[in-house]
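User: I am new to this structure. Please walk me through it in short questions and answers.

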Amino acid sequence: MKHPPDNIDIELRMLVEAVYLKYNYDFRDYTGASQKRRVLVALREMECATVSELQAKVLHQPEAFARLLQYLTIPVTEMFRDPEYHAALRSQVVPHLSTYPSLKLWVAGCSTGEEVYSLAILLHEEGLLERSIIYATDINPESLESARRGVFPLDRMRLYTENYQKAGGKRAFSDYYTAAYGGALFERFLVDNVTFADHSLATDSVFSETHFVSCRNVMIYFNRRLQNRVLGLFHDSLCHRGFMALGSKESIDFSTYANKFEPIARRERIFRKAAE
């Protein structure tokens with residue numbers, strides 16, 4: 001006999017449906033466990049006794065929704081995260097990208113921008129940044145604003161420097177930032193060709209024809225249906241034989257697009273659009 005869902009699970013479904021109807025932010029296909037964990041944190045921090053109370057506050061107070069959004073899209077990122085991935089990107093993908101006279105790259109779910117600045121530094125060192133346009137997208141406006149500013153905590157620079165060096169960095173990492181505003185302000189030339197834009201992988205369409213798409217450690221929060229939708233977006237966005245990078249715990253093996261991509265660096269989750 002199938003047991004009825006707990007009250008909190010019912011309330012969660014009502015909350016995400018209300019958010020979608022009111023604000024057009026679609027969290028309905030995010031995985032339940034992660035979503036529940038984040039909402040429970042929001043309950044405590046926003047001083048609500050129940051999810052239903054939180055829902056009422058969010059529906060009637062747009063500022064409450066803006067605050068909830070920060071909990072639903074908690075960024076977990078760092079510069080040159082998974083250095084072996086960036087080393088593989090440099091050795092396996094850059095030689096192909098360098099054959100194009102101009103490049104379009106998409107960092108989907110860019111969060112607060114660490115992935116964007118890492119990619120820009122890598123492209124700069126390979127002589128590709130000036131002929132590249134990078135689209136950096138996310139659903140969280142506060143995260144996008146942080147990415148635009150390019151100011152990161154100074155106490156993270158030691159870890160980021162180690163990651164950069166392990167990833168095959170060619171300069172002193174400190175060349176790319178100065179201490180300012182109580183943090184590390186990264187050089188503006190890194191984002192001269194970056195367009196930061198609001199874009200939802202759950203509801204929006206293909207962003208642009210691109211040569212490379214990076215969406216790392218985002219789809220782990222999606223259910224199978226939304227993962228397939230996102231992979232379809234990337235497939236349609238990529239040019240002939242374009243490249244796609246996913247996070248270390250993400251896979252396309254059981255998706256409807258498993259045969260639409262071929263692995264270039266399987267362990268590092270770098271794929272190439274299959275020839276049609």
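Analyst: A pocket is an open set of grid points with protein on both sides within 12 Å along at least five of seven lines, and its lining residues have an atom within 4 Å of a point. Keep in mind that this is a predicted model.

User: Which residues lie nearest the centre of the second largest pocket?
Analyst: The second largest pocket has a volume of about 210 Å³. Its lining counts 14 residues. Those nearest its centre are Arg13, Val16, Arg28, Gly32 and Gln35.

User: Which element gives the most to the lining of the second largest pocket?
Analyst: Two elements give two or more residues to this lining: helix H1 (7–23) and H2. The one that gives the most supplies five residues. That element is H1.

User: How do the residues of the lining of the second largest pocket divide?
Analyst: Gly counts as polar here, and Arg as charged. On that scheme, the lining of the second largest pocket divides into four nonpolar, four polar and six charged.

User: How many residues line the largest pocket?
Analyst: About 570 Å³ of space lies in the largest pocket. Strand S1 (103–108), strand S2 (132–138) and S7 are the elements that give two or more residues to its lining. Gly109, Ser111, Asn217, Val218 and Tyr221 lie nearest the centre of the largest pocket. The residues lining it number 35.

User: How many residues of the lining of the largest pocket are charged?
Analyst: The lining holds 16 nonpolar residues. Another 12 are polar. The charged ones number seven.

User: What is the volume of the largest cavity?
Analyst: A cavity is a set of points where a 1.4 Å probe fits but cannot get out. The structure holds two cavities of 30 Å³ or more. The largest cavity has a volume of about 50 Å³.

User: Which helix provides the largest share of the lining of the largest cavity?
Analyst: The lining is made of Tyr30, Thr31, Ser34, Gln35, Arg38, Leu72 and Tyr221. By type, these residues are three nonpolar, three polar and one charged. Three residues make up the largest share, and they come from helix H2 (residues 32–45).

User: Which element gives the most to the lining of the second largest cavity?
Analyst: This cavity has a volume of about 40 Å³. Tyr85, His86, Leu89, Glu115, Leu119, Phe212 and Ser214 line it. With three residues, the one that gives the most is H5.

User: In what order do the strands of the open sheet run?
Analyst: The open sheet has seven strands, with mixed pairing. Their order is S6-S2-S1-S7-S8-S10-S9.

User: Which strands of this sheet stand at the edges?
Analyst: An edge strand here has a single partner strand, so one side of it is left without a neighbour in the sheet.

User: Which residue does Met244 stand opposite?
Analyst: Strand S8 (residues 238–246) and strand S10 (residues 270–273) run antiparallel. Three bridges join them. In S10, the residue opposite Met244 is Phe271.

User: At what angle does H9 run to S8?
Analyst: H9 packs on the sheet and touches S1, S7, S8, S9 and S10. Its direction makes an angle with that of S8 of about 140 degrees.

User: Is Asn228 buried or exposed?
Analyst: Asn228 sits in helix H9 (residues 224–237). Leaving aside neighbours within four places in sequence, Asn228 is in contact with Ser255, Thr256 and Tyr257. Its relative accessible area is 17%. The cut-off is under 20%, so Asn228 is buried.

User: What is the phi of Phe80?
Analyst: Most residues other than glycine have a negative phi. Phe80 is not a glycine, yet its phi is positive. Phe80 lies in the loop between helix H4 (62–72) and H5, and is buried with a relative accessible area of 0%. Its phi is about 55 degrees.

User: Where is Asn24 found?
Analyst: Asn24 is not a glycine either, and has a positive phi of about 65 degrees. Its place is the loop between H1 and H2.

Notes. Residues numbered from 1 in each chain as written. Predicted model: local features only at pLDDT ≥ 70, side-chain atom pairs only at ≥ 80, totals over all residues. Heavy atoms only, no water. 1 Å grid on protein atoms, 1.4 Å probe; cavity = no way out; pocket = protein on both sides within 12 Å on 5 of 7 lines; lining within 4 Å. Points joined across faces, edges and corners; volume = space filled by probe spheres on them. Helix = DSSP H or I, 4+ residues; strand = E, 2+ residues; numbered from the N terminus. Buried < 20%, exposed > 50% of the residue type's maximum accessible area, 1.4 Å probe, protein only. Contact = heavy atoms within 4.5 Å. Pairing = 2+ DSSP bridges. Axes fitted to C-alpha atoms, helices over the stretch in contact; angles between N-to-C directions.
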